[in-house]
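Hi everyone, thanks for making time this morning. I'd like to walk you through one structure, going from sheets to helices to a few single residues.

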Amino acid sequence: MKSIDIQKQKSEWKRKGWSIPELRGGKQEWFNIVTELMKKIATTSVADIGLSPELESTNTSYPWRTYVPFLKGVGLVGNRSGILSLSDIGKDFLKNPSKWQLACLLHDKYRLVGEVLEILISSPKTVEDIDKELCREYCLNWANLSNTRRRMDWLEVLGLIECVGSRKWAVTKEGKRALEEWDIVTPNVVDMAISDPNEINITPPPAEILELLSKLNSDPSLQNKRNTYNIWVPSPNRIENLRTIIQFAFERVTRSELFNFIEEEFNLKTSSVESMMPFLKADGLIEEVGRNIYVATAAAKAWCESNNDLDFIRIIHAHKRFVGEMIRYANQVVTRNDVYVQAKKFGINTEKARWIMGFLLEAGLLEETQYLHIKATPLGAKFVLELPLMEVIPEYPAIHEDSSEENTEKEFSLNATADNKIFEELKIAAREPMARGKASGAAFEESIAEVFNHMGFEAKRIGGAGNTDVVVRWKDNDGETITAIVDGKSKSGGTVSHGDVSDVAIESHKEKNGAEFVAIVGPGFSGDTLKNHARKKGFALITDMELIDIAKSSRILGLSLAEISLLFKVPNGLAQLTELIANKQREQDIISLVVTTFKQEQDAMGSLSARDLYFLLRRTEISPSLEELIAAFEILSKDEIGILTQIKKASATENTTYVLRGERHCINRLRALANSIEKGLL
């Protein structure tokens, strides 16, 4: 291995990206496809990347847009005035195209290319062996072999490794040359902190991103307008995965083209991709420039071209609350729970705070000093000084959630088609007062009642002059009947203003129906006057999308009516409900992770304890605490469930061991019981 100093290794690691973009076609054709594409770009003006080039090197040709992410990713092409053109690197490559040149470019742009060779040099290994060693040595939590396999496919295609039988691979003569000439990053550098602030050089942001920060700095009112939308990104290496998505949208793409690319690139369902869209748009990464036509924003393009994770953090800080503020808060060591409490003051719930924290950890701006404790790194402490921060925490932060689940692939619905129809009708009627050919607002009022009934409330549409739109009733934990009235506001413009609400009429309707609570449901609410007035009067403001999100969660997570009814409480009921949903979702995620881990490890380890799983799972994205794992074990070992069977009781609960048994029987029994109960209620 070529010897390089520690500081250079640090720089190399930070500069490179994670995810090698896909190149469509048979892998043995890859090099010829790249060379032929480069020659066509050199001789032909490629303006419409929706067209497919004619290629002699493959029987199947795809549109230019499927090839562009790879060509741009390795630095071979750029875009000038809407025309694809060769970069200086591309021109040099095309003078004498060789597999060695392309291999050097891949190693220069992406992490763990040459490092795979370093692992293989000692002895032949299988893909699985290499993946395990990479994950162990470089502290990775890759969920499958795809990242390792793509690197090895390229190393094979470019002649640096070869198969030697028994599914094992070895380094070739060219591979040994690479190890002699390439800079290889050793595992000890990955977690090595930079202690001297003078060593830290922060590259200034590109002009497009600097403009975002300058606006935020010059106009303090923009601070409160930063969003609090949900975040969802495919894992692992989420920042790099986002970069891959944005690179695909450098030129205009249709919604279906963008969805197809993301689904195929990350093996996702359409529902998961849909859950990303509000985040991508609200955080300034893509924009809709026509009906269902998207393109990367200028700032996002600048980030992809700079290949600097700090530019990504700058962009989301300009659009989302509690990004830079989280770094500032972690100036000294703080617990994760302390951060979550602080996040709520900015209108950010625990789950969103976890996502933001994940980005900051991935970008090297935060570090985990010990389990469940974080602190700003020297880089983070210096970086945050350049950000315009929210100095005054708003007394009543606006909670504006989008309708997506944090992980929609986990959604469970007994009748998804019927549910989605109810929700779609509500969403349409919220913005079309005359929906379904009914009188103004009638369809929306009917849909509101239907959604509340769907959640288990007793809801009835009243309507008409002199009365409320919808009456909702339920029993509290003491068996007392509670009543709320709901005023529906369907607005074609998409927002309800102060002038649309008559508090005199609402108070009259409240008294007439003996209601304890009042809610106003609409597509959106504009202006601080309405929000402040509603808070003063105790009127809950709920968007149609928030109501849909809550209804979905009520089914998925089994929320009680007492829990759902938090949405009526002012001023913090909606925030409390959002937090409760996030905690219950985390509980379900941990239960799934426990069962999965038992399936994977039980044969090798026999019985397992909560402490065993704590050590196995502490580096995962969820990273459950010991207390959370003990709670999950208690649930799964209850007689009513019984999927975990106790084997050896210990004096310390966390050391009591269990085995996973009869899981299919357990699932069928619980499902049959649920179906019987539901049948009896029909």
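What follows is a short tour of this model, which is a predicted one.

Let's begin with the five-stranded sheet. It is an open sheet with mixed pairing, and the strands come in the order β11-β12-β13-β14-β15. Which strands stand at the edges? They are β11, residues 458–461, and β15, residues 539–543. Each of those has a single partner strand, so one side of each has no neighbour in the sheet. From one strand to the next, the twist averages 25 degrees.

There is also a helix on this sheet. Helix α23, residues 442–454, packs there and touches β11, β12, β13 and β14. Its direction makes about 170 degrees with that of β11.

Now let's walk across the strands. β12 and β13 run antiparallel and are joined by six bridges. If you want a pair to find on screen, look for Trp474, which stands opposite Ile482 in β13. These two strands form a hairpin with five residues between them, and Gly479 in that hairpin takes a positive phi near 85 degrees.

Moving on, β13 pairs with β14 in the parallel sense, over five bridges. Here Val486 has Ala519, in β14, as its bridge partner. Then β14, residues 517–522, pairs with β15, also in the parallel sense and over five bridges. The pair to look for there is Gly522 with Thr543 in β15.

How enclosed is β13 by the rest of the structure? Largely so, because seven of its eight residues are buried.

On to another sheet. This one is open as well, with three antiparallel strands in the order β16-β18-β17. The edge strands are β16, residues 608–609, and β17, residues 644–648, and each of them pairs on one side only. Four bridges join β17 to β18, residues 657–660. Within that pairing, Thr645 has Val659 of β18 as its bridge partner.

Lying across β16, β17 and β18 is helix α28, which runs at about 105 degrees to β18.

One is Glu601, in α28, which spans residues 573–605. Leaving aside neighbours within four places in sequence, Glu601 is in contact with Gly606, Leu608 and Leu616. Glu601 and Leu616 are 15 residues apart in sequence, with 9.6 Å between their C-alpha atoms.

The other is Arg586, also found in α28. Arg586 counts as buried, because its relative accessible area is 10%. Beyond four places in sequence, Arg586 touches Arg354, Ile622, Ser623, Pro624, Ser625 and Glu628.

Now for another arginine. Arg314 lies in helix α17, residues 309–319. Is Arg314 buried or exposed? Buried, at 0% relative accessibility. What joins the side chains of Arg314 and Glu386? A polar contact of 2.6 Å. Beyond its sequence neighbours, the residues that Arg314 touches include Ile202, Thr203, Pro204, Phe383 and Leu387.

In α9, residues 173–181, Gly175, Ala178 and Leu179 are buried. They cover an arc of only 100 degrees around the axis, which means they sit on the same side of α9.

Notes. Residues numbered from 1 in each chain as written. Predicted model: local features only at pLDDT ≥ 70, side-chain atom pairs only at ≥ 80, totals over all residues. Heavy atoms only, no water. Contact = heavy atoms within 4.5 Å. Buried < 20%, exposed > 50% of the residue type's maximum accessible area, 1.4 Å probe, protein only. Polar contact = N/O pair within 3.5 Å; in protein donor to acceptor, adjacent residues only side chain to side chain. Arc of directions from axis to C-beta. Pairing = 2+ DSSP bridges. Axes fitted to C-alpha atoms, helices over the stretch in contact; angles between N-to-C directions.
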